[in-house]
Amino acid sequence: MDKSTSSILALALAAVLSASSAISFYIWKKKLIEYDSKTKELQKSLNSALEKCAAERQGRIRAQQALRKAVVAQAQTKSENSGVTSYPMAPIGFVQSCFSTRNGTPRQPLLVPLARACLIFDSTRVPPASLEGLEEYSHCWIIYVFHLNTDLEKLWKDPSKSKFKAKVRVPRLKGGRRGVFATRSPHRPCPIGLTVAKVEAVQGNMLLLSGVDLVDGTPVLDIKPYLPYCDSIEGAVVPDWVTVDSVLSVASVSFSDDFSSSLVDCWKSVEKSLYSSPEELKSLVQQVLSWDIRSVSQRNRPHNNLIKMGTTDTSDNTSDLDDSQDGEPADSKELIYHLVLDGLNFSYEIDDNGNVIVKEVRRSSSISLRNVKRCNYSMWKNNLE
C-alpha cells in the first residue's frame with residue numbers, strides 16, 4: 001500500500017470518527033435538552049403542588065377563624081338564654097408582637113429577651129390615664145386569651161359531650177402526660193393565659209414590652225404590676241421535670257454563608273419593624289431557635305416518617321396538644337422548618353444531634369396585620385432614649 005492510499009484511508013477514518021463524534025454530540029445535546037425540559041416540567045409541577053398545599057393550608061386557617069367567630073357568637077346567645085353565670089369581659093387591648101404565628105412563640109416568658117411587643121389599649125375602654133405610674137415598674141403581669149386554640153368549640157358544648165381531656169402532653173416529659181392544671185398548656189377549660197413581661201415604656205395608649213411570649217393579635221384582659229415582695233416566692237418547690245432545661249435546648253445555632261446578605265435585602269422591604277437593624281433581628285432568630293420550638297410529635301417522629309408525610313400538617317389539633325404552639329410542617333423531601341418573625345419567613349434545619357442551621361430568609365406571604373397603627377422601632381427609640 002503506497003503512501004497516498006494510506007493518507008486517503010487515514011483521512012476517511014478521521015472523517016468517520018469526526019462524523020461519529022458529531023452524531024454522538026448531537027444525540028447527547030438532544031438528550032440534554034430533553035432532560036432539561038423534563039426538569040423544568042417537574043419543577044413547574046412541584047411549584048404548582050406547593051402552591052396548592054399553601055392555598056389549602058390558608059383555607060383551613062380561614063375556616064378555623066370563621067369557626068371561632070361563629071362559636072363566640074353562638075356562645076353569647078347561649079349564655080343569654082341559659083342559667084349559666086357569665087361575666088361581662090371583653091379585651092382591653094391587643095398585642096402587636098414580633099411573633100407573627102404561634103410557631104416559634106416561646107413557651108414561657110423572658111426566655112427570649114429580644115422578643116418585643118406593643119400592647120395597644122382600646123381607648124374607648126381604657127383611658128390613657130389608666131396607665132399613669134405603670135412606667136415606674138420594671139415588669140408587669142398580663143392576663144390574656146389563647147385566641148388561636150383550634151379546639152375552642154369544645155368549650156361551648158355540654159361538659160358531657162365536649163370530650164375535653166383532663167391530661168395534656170408535656171414537652172419537658174417528651175410527651176408524657178400530666179393533669180392540665182399541673183401544666184401551662186394553652187388548652188384549658190377556660191383558655192386564659194398569664195404571663196410576665198418587661199416594661200420598656202408607656203406612650204399614650206401603648207405599652208412597650210420585651211421578653212414576651214405572646215403571638216401577634218393576642219387579646220388582653222388585664223395587666224397588673226409585678227411586685228417582687230409578694231410575687232417572688234422564696235423556697236418555692238416544683239417537680240424535677242420542670243427544672244430540666246436541656247430537654248428543650250439545642251446544641252448550636254448557625255447560619256448559612258449567604259444568610260446575612262439575604263437578611264439585609266429582606267429587612268429593607270419590611271415596612272415597620274420592631275428592630276433597629278438586620279443584625280439585631282438575626283440575634284432574635286438565634287435566641288428563639290436556641291430552644292427547640294418543635295412540637296412533641298415533630299421531635300418524636302422519625303425523620304424518614306416526616307419525609308414521607310411531606311407537607312401534611314404536623315400540628316397537633318387535639319386536646320393532647322403540648323404546651324407548644326402549633327408547629328409548621330416540614331417541607332417535602334427535606335427536613336426544613338419555618339419560623340416567621342417580624343414579617344419574615346426563616347427556613348431552618350435541625351439534625352439528630354440538635355444542631356440548628358438557618359438556611360434562608362424571605363418575605364412572609366401569610367401575615368395578617370390588624371387594621372390599626374403598627375408599632376415600630378422608631379417608637380421604641382423615641383421612648384427609650
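Helices (H or I, at least four residues) and strands (E, at least two) are DSSP runs, numbered from the N terminus. The structure is a predicted model, in which local features need pLDDT of at least 70, side-chain atom pairs count only at pLDDT 80 or more, and totals for chains, interfaces and linings use all residues. Residues are numbered from 1 along each chain as its sequence is written, and side-chain values use heavy atoms, with hydrogens and water left out.

Helix α1 spans residues 3-81 and contains Q65. With a relative accessible area of 33%, Q65 is partly exposed, a class that lies between buried (under 20%) and exposed (over 50%), as computed with a 1.4 Å probe and protein chains only. Q65 and L148 are separated by 83 residues in sequence, yet their C-alpha atoms are 8.3 Å apart in space.

Y26 also belongs to helix α1. Y26 is exposed, its relative accessible area being 55%.

In helix α3 (residues 259-269), the buried residues include F259, L263 and C266. These residues lie on the same side of α3, because they cover an arc of only 70 degrees around the axis; the arc is that of the directions from the helix axis to the C-beta atoms. In general, an α-helix has 3.6 residues a turn, so residues three or four places apart point the same way. D265 and K268, on the other side of α3, are exposed. The cover over the buried residues of α3 includes strands β9 (252-255), β11 (344-350) and β12 (355-363), together with helix α4 (278-289), where contact means heavy atoms within 4.5 Å.
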